[in-house]
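Thanks for making the time this morning; I would like to walk you through one structure, a few places at a time.

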Amino acid sequence: KGNKLPSDTSIFDPALCEVLYHWFCPDGGTILDPFAGGSVRGIVANYLGYKYTGIDIRHEQVLSNIDQAVEIIGHEDCPKWIVGDSDKILDDESFKEQRFNFVFSCPPYADLEVYSDLEGDISNMNYNDFMIAYESIIKKSCDLLNPGGLACFVVGEVRDKKGNYIGFVPDTIRAFQKAGMSYYNEAILLNSIASASIRAAGNMKSKKLVKVHQNILIFKK
């Protein structure tokens, strides 16, 4: 039926969702996504029989996700999306009584892409404030995991204003370890390299290599 998303919207890889759900979540299991963003992770989860709960701070994003889910899989099977700040939503008593089999998300890569100017949107924070909120959300999410449950974040490295890498990938690993999780698996997701050679010509003038991958980080409770 065609892609209704804006042309500049990045779409999470549905094939990656399917593989990770089958590998790391029990059949019919429950999934928590504290940085829901687009609809893909939720739609793939419900299509495969998992119970997905995603949180996103942008009301318009959640409405778009619901519209797409209804069109693709029907209203009765619609994934559960919640509008709000994950750092606050996860403190709600109704959440504290829940348990999940798998935490799966693709968080904002610091301020690489600012999604909104809303209070609580960590993508518009300076890096120190970002990490405080980021670690808090990771801790609260992992607290809701069943013992032995797994968490997976797909992240990529980010440069600061001076062009230096900030260490977002190792900071993510440390955030999960501070939350009491064990660093269990790692994989590399290769991005499309069709334009990498073109971009490399300009980047190499400043001696910067072109990134063509993201890190799939998996942790165990």
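Let us begin with the way α1 passes α2, which is a right-handed crossing, and please bear in mind throughout that what you are looking at is a predicted model. Helix α1 covers residues 14-24 and helix α2 covers residues 40-47, and the two pack at an angle of about 50° with their axes 9 Å apart. An angle of 65 to 115 degrees would count as roughly perpendicular and one under 35 as roughly parallel, and α1 and α2 are therefore oblique to each other. If you look at the residues that make this contact, you will find P14, C17, E18 and Y21 on the α1 side, meeting V40, R41, V44 and A45 on the α2 side. Sorted by class, the contact of α1 with α2 consists of six nonpolar and two charged residues, with no polar ones.

Now please move along to the second pair, α6 and helix α7, the latter being residues 168-178, which pack at an angle of about 40° with their axes 9 Å apart. These two helices are likewise described as oblique to each other, and α6 passes α7 in a right-handed crossing. From α6 the contact takes in Y127, F130, M131, Y134, E135, I138 and C142, while α7 brings F168, D171, T172, A175, F176 and K178. By class, the residues of the contact of α6 with α7 divide into nine nonpolar, one polar and three charged.

Which residues have the most contacts inside the largest nonpolar core? That core has 60 residues, and the ones in question are Y21, I31, F95, F102, F104 and Y134. To take F95 as an example, and leaving aside residues up to four places away in sequence, this side of the picture includes contacts with L32, T53, I55, I82, I89, L90, F100 and L144.

I will finish with two single residues. A110 sits in the loop between β4 and α6, and although A110 is not a glycine, its phi is positive, at about 55°. A110 is also buried, with a relative accessible area of 3%. Q214, in strand β7, has a relative accessible area of 19%, and because buried means under 20%, Q214 counts as buried too. Not counting residues up to four places away in sequence, Q214 touches Y109, V154, V155, A187, I188, L189 and N191.

Key. Residues are numbered from 1 along each chain as its sequence is written. This is a predicted model: local features need pLDDT of at least 70, side-chain atom pairs count only at pLDDT 80 or more; totals for chains, interfaces and linings use all residues. Side-chain values use heavy atoms; hydrogens and water are left out. Axes are lines fitted to C-alpha atoms, for helices over the stretch in contact, and angles run from 0 to 180 degrees between N-to-C directions. Helices (H or I, at least four residues) and strands (E, at least two) are DSSP runs, numbered from the N terminus. Angles under 35 degrees count as roughly parallel, over 145 as roughly antiparallel, 65 to 115 as roughly perpendicular and the rest as oblique. A crossing is left-handed if the near helix is turned anticlockwise from the far one by less than a right angle, and right-handed if clockwise. Contact means heavy atoms within 4.5 Å. Ala, Val, Leu, Ile, Met, Phe, Trp, Tyr, Cys and Pro count as nonpolar, Asp, Glu, Lys and Arg as charged, and the others, Gly among them, as polar. A nonpolar core is a set of buried Ala, Val, Leu, Ile, Met, Phe, Trp, Tyr and Cys residues joined through side-chain atoms within 4.5 Å. Buried means under 20% relative accessible area, exposed over 50%, partly exposed in between (1.4 Å probe, protein chains only).
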